[in-house]
Amino acid sequence: MKTSEIIRIRNRRQNFQGKYSGRFQHLFKVLAVTFSLCFIGAIVFLAIGFALLSQKIPSIAYFASSLDNPISPTVIYDREGIHPLLSLQFSDIQSRHLSINEPTKENFSENLIRVIVPSRDPDFWNHSGSAGWKHFFNTNPVTIAEELVEDTYEDQLGTGLQKAIFMRILAREVTEFFGRKAVLTWYLNTAYFGQLSFGADAAARTYLNKSATSLTLPESVLLCAILRTPALNPIDSQGAVKDTYLAEVEYLIGQNVLPEEDIKVLRSTNFIIFEPPAKKYMIQDNPIIQKVLSAAYEAFGQEKVERGGFSINSTLDFELQKSLECLITADPEQKKRCPLVKSDSLDESQHQEIQNILSNNPISVSVIDVKTGQLLAAIDSAGIDSTRRTFHNIFTPHEPGSSLTPWIALAALNMGYSASSMLWDLTDSRAPVPTGYQNPDQKIYGPVRLRTTMTHDLLDPISELLTTLRPEKVWTLAEKFGLRDLPFSNSQLIFSGGSVTTESLATALIPFANEGNLTQTQSNQIMKNISILSVSDKNGKHITLQPVVTVSLLDKGLAYLIYHIFGEEEQAFAYLDRPAATKIGRIIEKKETWMAGFTPQISAAVWIGGKGQTDTTESISLSTVRLWQTVMEAAHTKKPVIGWEIPENISHRIVCVPSGLLPGDACPETASEVFLKGSEPAQTDNLFISVPVNRDNQLLATSLTAPQSVIKKTFMNIPDFAQDWAETNKVELIPEEYDPVSHTDTAEAVLSILSPRPYTIFRKADTGSAKADIIIEHHIPEEILFYQISYGNGFFPDRWIEGFTGNGLETESQNIGSLDIQVLEPGLYDIRISVITKSQRYYQAHTYITIQ
């Protein structure tokens, strides 16, 4: 290669390298500047953000005053906010503020100080109070100081990353400003140990019945275990005490703070746990208060609520609740302070029997506002003896029995039945009925309206209806109304089995009272009755805790029909002096009774169980009804008397009772009935029929029976399966035989039909028998002006059809015409010839034929 070419290639390479080297240097400079600007921007952004956050950080000046001035306890009030119902405190436990190593003051036990730090914050004496940057994104407190900060500042810390930053900054500042000893002292005096116990001294007095000044090492470890998981405290979780205690022992062993001799003592120690005194109730404990507490715990956390500062207005009606408590309390002055509803039918001995049952027997009552879904009053109680009762804070479930029949009625209405649909109540049951079952009045009704089966608790026909509708479909429908603990396949649930509470039953009736609507609140996708009206926190901030949710469960017309079945006709004003629907429920072979019902304003359910051998089913039932009446009257104090408007899709018809069909001529009794438009009956009653009989022998009359002996008589058309009931109840049946009046001999007759012969059979399939010739003979001694051949169905036709007519007749036999049998339906026919003479005399003759 020539020297000149080599030089040219080298120059070209140098130019290329120089050109792109410059470009890379320029790109690097741009990237460096961009990165520098971004870094500076991030620093500025973080600085501004930190400055803004710093402005929001609460002052530590609030810290000491908050811890040294205890918050007032949380109090639950009645719906007016006047009467306190429960204060979350143990008034009999007087805990004290203790110190750490202060010679002139009462101090925490050295044993507690020895184990509390390695248990809760092993590096407490060395770190700054904050968990540091390695827990930057952790929003939960890690150190003792951080726990104090979270409890003290609560909502002021915010949420998420902001809370984590604020909590750790404040924990560092508090530790630096007040010192570790002060922080630990505050912590031990305010930490939450469950069971309304705040501070180690309160916990020691609650669980161990002693002060925290003299705790042994095992007792100190027990408090550490409780502090780690307050929900597993020895009272709420007695079975977990030993396990949580030993787990805490093992944890401390892992921290290398226990010598071998202490370990042996700790592992072998058992405890006697003391029950704390009752909470400070101003009324008897009841399920509404517990529901209020549960809702508050769920919304704010149990520790926060029990720490205090909340003022909660419940939905409880104080006067109604006190009246309810009075009614079931043994008190000589009870008759004066809270008398039962007046009843002229009760004598003094019955009244006293009712008072004894109300004072001694287990009782559950729920009263709910129909429009708002608010719980107004509730009791769930069992009698201990003649003077004492125990009150429960939850509703005890019981077998519902026949109190479930409204939902069978609803399912039937959904399937096309009506309130007047006819069912059969018979001795020989066609449904799965328990052996020995009897109706409440011990009568057997035979044919009966659906309405009557429901109001009279006739469980035989109701059970048969349930089987027809299929139990799983009916109880699935009831579940939509809140009756959830019903075995779907149980066809005998109206007799026994399953479980409901008075609250769930009273709630399930509300849609029938409220045009198909149910108003409640929703929590964790579960609908619940409303128990809280308003909540205020320690700063006076008002909080809406139970927003209202209204759902529509059924059509207004269906809701009105259920009300009408259980609240009209015989039920109208039966128990209250205002429109109300009621249902008494029985459990077979048990001395238990339900009474549930509603007005447009209030729904209430009462359950009373048997207790003593002297209790009778009748006395329990009477007591249940009287208690329900009294509670409902009290609940309606100062409330106007209102009823239900008739929905547009409801119509009225006059029907025959008990068939529920349109009245026919033979119908003995009628009633006005309500229907969903479009479901009105179109068929005429066929349960009762009127037939002609010979009044002399009570047999079915025929055309040959003397007219003066024929009367119309009404009979019940009894089906084969009800014959035994008819016989037992002496129901007169339709005669099976006809009046045996013989056919007049042709030779003696003035006018007779020679053909067809009586009871001749004509078969429509026989082509040769298409027509029936009518041959007659007469010996009438004067001129005949007119004759007519007619025919009718049966031995005693209700309607005659004209065949043919003519003028004049020969005296001898003659064929005067024929009938076309092909146009007649199969059956028995009466053929009649009628003759009128010149002197206006009238003659008749009959014969019968059968067409197959």
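Is the crossing of helix 8 and helix 10 left-handed or right-handed?

Modeller: One caution before the details: this is a predicted model. The crossing of helix 8 and helix 10 is right-handed. Helix 8 covers residues 217-228, and helix 10 covers residues 260-268. Their axes come within 9 Å and cross at roughly 70°. Angles of 65 to 115 degrees count as roughly perpendicular, so helix 8 is roughly perpendicular to helix 10.

Now the residues at that crossing. Helix 8 brings Leu-217, Pro-218 and Val-221. Helix 10 meets them with Asp-262, Val-265 and Leu-266. Leu-266 also belongs to a nonpolar core of 56 residues, which includes Ile-57, Phe-63 and Ile-116 as well. Cys-224 has a relative accessible area of 0%. Buried means under 20%, so Cys-224 counts as buried.

Helix 13 (residues 318-327) packs with helix 22 (residues 617-635). Here the angle is about 160°, and the axes are 10 Å apart. Angles over 145 degrees count as roughly antiparallel, so helix 13 and helix 22 are roughly antiparallel to each other. The crossing of helix 13 and helix 22 is right-handed. From helix 13, the contacts come through Leu-320, Ser-323, Leu-324 and Leu-327. From helix 22, they come through Leu-627, Thr-630, Val-631, Ala-634 and Ala-635.

Next, the wider setting. The largest nonpolar core has 88 residues. The 56-residue core that includes Leu-266 lies apart from it. Within the largest core, the residues with the most contacts are Trp-407, Ile-408, Leu-410, Met-454, Trp-475 and Phe-512. Take Phe-512 as one of these. Leaving aside residues up to four places away in sequence, Phe-512 touches Pro-406, Trp-407, Leu-410, Phe-481 and Leu-554, among others. Its contacts also include Ala-559, Ile-562, Tyr-563, Phe-598 and Trp-644.

Last, the cysteines. A search of the whole structure finds one disulfide. Cys-656 is joined to Cys-667, with 2.1 Å from S to S. The link is right-handed, with 105° about the S-S bond. Cys-656 sits in strand 18 (residues 650-656). Cys-667 sits in the loop between strand 18 and strand 19 (670-676). The two cysteines are eleven residues apart. Cys-656 has 0% relative accessibility, so Cys-656 counts as buried. Cys-667, at 15% relative accessibility, counts as buried too.

Technical notes
Residues are numbered from 1 along each chain as its sequence is written. This is a predicted model: local features need pLDDT of at least 70, side-chain atom pairs count only at pLDDT 80 or more; totals for chains, interfaces and linings use all residues. Side-chain values use heavy atoms; hydrogens and water are left out. A nonpolar core is a set of buried Ala, Val, Leu, Ile, Met, Phe, Trp, Tyr and Cys residues joined through side-chain atoms within 4.5 Å. Buried means under 20% relative accessible area, exposed over 50%, partly exposed in between (1.4 Å probe, protein chains only). Contact means heavy atoms within 4.5 Å. A disulfide is a pair of cysteine sulfur atoms within 2.5 Å. Helices (H or I, at least four residues) and strands (E, at least two) are DSSP runs, numbered from the N terminus. Axes are lines fitted to C-alpha atoms, for helices over the stretch in contact, and angles run from 0 to 180 degrees between N-to-C directions. Angles under 35 degrees count as roughly parallel, over 145 as roughly antiparallel, 65 to 115 as roughly perpendicular and the rest as oblique. A crossing is left-handed if the near helix is turned anticlockwise from the far one by less than a right angle, and right-handed if clockwise.
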